[in-house]
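I opened the model to go through its helices and its sheet. My notes follow in the order I looked things up.

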Amino acid sequence: MTFEYWESRYQTQDMPWEKGEPSPGLVDFLAANTQLARGSVAVPGCGTGHDVLVWARAGFDAHGFDLAPSAIRLATERARAAGAPAQFQVTDFLRDDPPFHFDWVWEHTLFCAIQPAERDRYVEAVLRWLKPGGQYLAVNYLIPDTEGPPFGTTREELWERFSPHFNLATEYVPRSYPNRTGLELMMWWQRKS
Ligand SMILES: C[S@@+](CC[C@H](N)C(=O)[O-])C[C@H]1O[C@@H](n2cnc3c(N)ncnc32)[C@H](O)[C@@H]1O
């Protein structure tokens with residue numbers, strides 16, 4: 001999907017993904033894993049920034065990236081209002097180089113937002129943006145839809161794409177927004193050295 005497509009979705013306020021709160025699965029993950037070493041996290045396709053603020057409040061050096069300038073403007077305003085030390089930047093995650101290499105990449109509804117034909121490029125981008133030994137935490141949306149966005153995926157596809165590059169630390173069905181209950185799969189991948 002093009003820059004114009006996403007920017008117009010924000011300008012016309014056609015944003016059904018905007019829930020007014022962070023991913024419940026991410027909130028629970030950070031609450032359950034307070035012992036994690038604090039480091040940098042990239043949130044590609046961050047939208048209006050709810051998840052980035054959760055990472056920042058948990059003590060991570062949190063950076064949100066989005067193709068749509070309107071999303072970055074809303075996220076920056078949200079962070080400023082909350083007094084949260086989060087950074088935001090207009091970026092094409094699939095094509096741009098990272099400002100630096102991250103300890104973590106957090107995925108939430110970007111994989112399902114891009115064209116399925118761009119999924120090879122998505123995996124390459126995750127590898128390009130992460131440090132060696134970095135961690136890829138994803139809440140995947142397991143829906144059957146072929147007309148999107150959102151475009152569906154399966155656990156089998158995710159395994160095929162990510163297991164050559166990452167070891168799977170854990171996977172489980174997380175707590176979700178009400179309209180996604182039972183449709184999400186949290187996968188915590190650690191990059192192979
Ligand atoms: C379905 S929305 C999800 C937003 C946010 N993750 C959330 O759950 O609220 C997908 C987001 O990805 C952004 N996006 C799409 N393609 C992108 C790309 N290549 N690089 C960075 N962001 C992208 C869109 O602008 C949009 O904000």
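I took contact to mean heavy atoms within 4.5 Å. Helices (H or I, at least four residues) and strands (E, at least two) are DSSP runs, numbered from the N terminus. Axes are lines fitted to C-alpha atoms, for helices over the stretch in contact, and angles run from 0 to 180 degrees between N-to-C directions.

The model is predicted, with local features needing pLDDT of at least 70 and side-chain atom pairs pLDDT 80 or more, while totals for chains, interfaces and linings use all residues. Residues are numbered from 1 along each chain as its sequence is written, and side-chain values use heavy atoms, with hydrogens and water left out.

**Entry 1, the sheet.** I traced seven strands in an open sheet with mixed pairing, ordered E3-E2-E1-E4-E5-E7-E6. Strands pair if DSSP finds at least two bridges between them. The edges are E3 (87–90) and E6 (166–172), each of which pairs on one side only. On average, neighbouring strands are turned by 20 degrees against each other, direction ignored.

I then checked E5 (residues 130–141) against E7 (residues 184–191): the two run antiparallel and are joined by seven bridges. Asn140 has Leu185 in E7 as its bridge partner.

I found H6 (residues 155–162) lying across E5, E6 and E7, at about 10 degrees to E7. H4 lies across E2 and E3 and runs at about 170 degrees to E3.

Which residues of H1 are buried? I list Trp6, Glu7, Arg9 and Tyr10 for this helix, residues 3–11. Buried is under 20% relative accessible area, exposed over 50%, partly exposed in between (1.4 Å probe, protein chains only). Viewed down the H1 axis, the buried residues fall within an arc of 155 degrees, so they line one face of the helix. That arc is taken from the directions from the helix axis to the C-beta atoms.

The buried residues of H1 pack against E2 (61–66) and H4 (69–82). On the face turned away from the buried side I noted the exposed residues Glu4 and Gln11. Gln13 follows H1 and has a positive phi, near 55 degrees.

H2 (residues 24–32) packs on H3 (residues 50–57) at an angle of about 5 degrees, with the axes 10 Å apart. The two helices are therefore roughly parallel; angles under 35 degrees count as such, over 145 as roughly antiparallel, 65 to 115 as roughly perpendicular and the rest as oblique. In the contact, Leu26, Val27 and Leu30 of H2 meet Asp51, Val54 and Trp55 of H3.
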